[in-house]
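This report describes one protein for a reader who is new to structures. Please look at the sequence and the model before reading on.

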Amino acid sequence: MAGDSRRAVAKDIGILILRVGLGLMFAVQHGWDKITHPERWAGLGAAMGHIGIHFLPSFWGFMAAFSEFAGGICLVLGFLTRPMAGLIAFTMFIAATMHFAGGQGFSVAQTAIQDGILAVVLILTGAGRFSIDRRLFGGPRD
């Protein structure tokens, strides 16, 4: 029983490290620059054209900036983890699609793909025990 408890704590610490690391990278490295430069939103949102969506590019650009900045902060806190990870995963799908459509290939798209995979992992695992989500919404007690 004690071994199961240690494994459960180790799993939740791993999820915490993933959430905080990925969240900080998105909020600071990717999102901050985008959210603070609304003049770039239309250009960002134009990437939706690669999946056939050509309307409201500024809205889609804002959503990309929001998902990276606010989503990153939410991952760090473990707040609304699954929906925010979903927004990030979708944003990374669009980013990877844009790189492939632009002829840049896998070597450029790989970061978006890797970040998207990590976001999907958080969709599947949730925030773990060390999170606001756990406090607000409960969850299994390990």
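The text below covers the overall build, then the salt bridges, then one leucine.

This is a predicted model, in which local features need pLDDT of at least 70 and side-chain atom pairs count only at pLDDT 80 or more, while totals for chains, interfaces and linings use all residues. Residues are numbered from 1 along each chain as its sequence is written, and side-chain values use heavy atoms, with hydrogens and water left out.

**Overall build**

The protein has six helices and zero strands (helices are DSSP runs of H or I with at least four residues, strands are runs of E with at least two, numbered from the N terminus). Read from the N terminus, the order of elements is α-α-α-α-α-α. Along the principal axes, the C-alpha atoms fill a box of roughly 55 × 30 × 25 Å.

Of the 142 residues, 34% are buried (under 20% relative accessible area; exposed is over 50%, and partly exposed lies in between, with a 1.4 Å probe and protein chains only). The protein exposes about 7,900 Å², and carbon and sulfur atoms supply 70% of that area (Shrake-Rupley method, 1.4 Å probe). Among contacts with a separation of 6 or more, 68% are between residues 24 or more positions apart (a contact means heavy atoms within 4.5 Å).

**Salt bridges**

Side chains of opposite charge can pair when their charged atoms come close. The whole structure holds three salt bridges (a side-chain nitrogen of Lys or Arg within 4 Å of a carboxyl oxygen of Asp or Glu).

| Pair | N to O distance |
|---|---|
| Asp12 and Arg129 | 2.8 Å |
| Arg40 and Asp33 | 2.4 Å |
| Lys34 and Glu68 | 2.7 Å |

Asp12 forms its salt bridge with Arg129. This pair links distant parts of the chain, 117 residues apart: Asp12 is in helix α1 (residues 2-35), and Arg129 is in the loop between α5 (106-125) and α6. Asp12 is buried because its relative accessible area is 3%, whereas Arg129, at 23%, is partly exposed.

Lys34 pairs with Glu68 in another salt bridge. Here too distant parts of the chain are linked, with Lys34 in helix α1 and Glu68 in helix α3 (residues 57-77), 34 residues apart. Glu68 has a relative accessible area of 4%, so it counts as buried.

In the pair of Arg40 and Asp33, Arg40 is partly exposed at 37% relative accessibility, and Asp33 is partly exposed at 32%.

**Leu136**

Is Leu136 buried or exposed? Leu136 counts as exposed because its relative accessibility is 53%. Leu136 lies in helix α6 (residues 132-137). Leu136 and Leu80 are 56 residues apart in sequence, and their C-alpha atoms are 9.8 Å apart in space.
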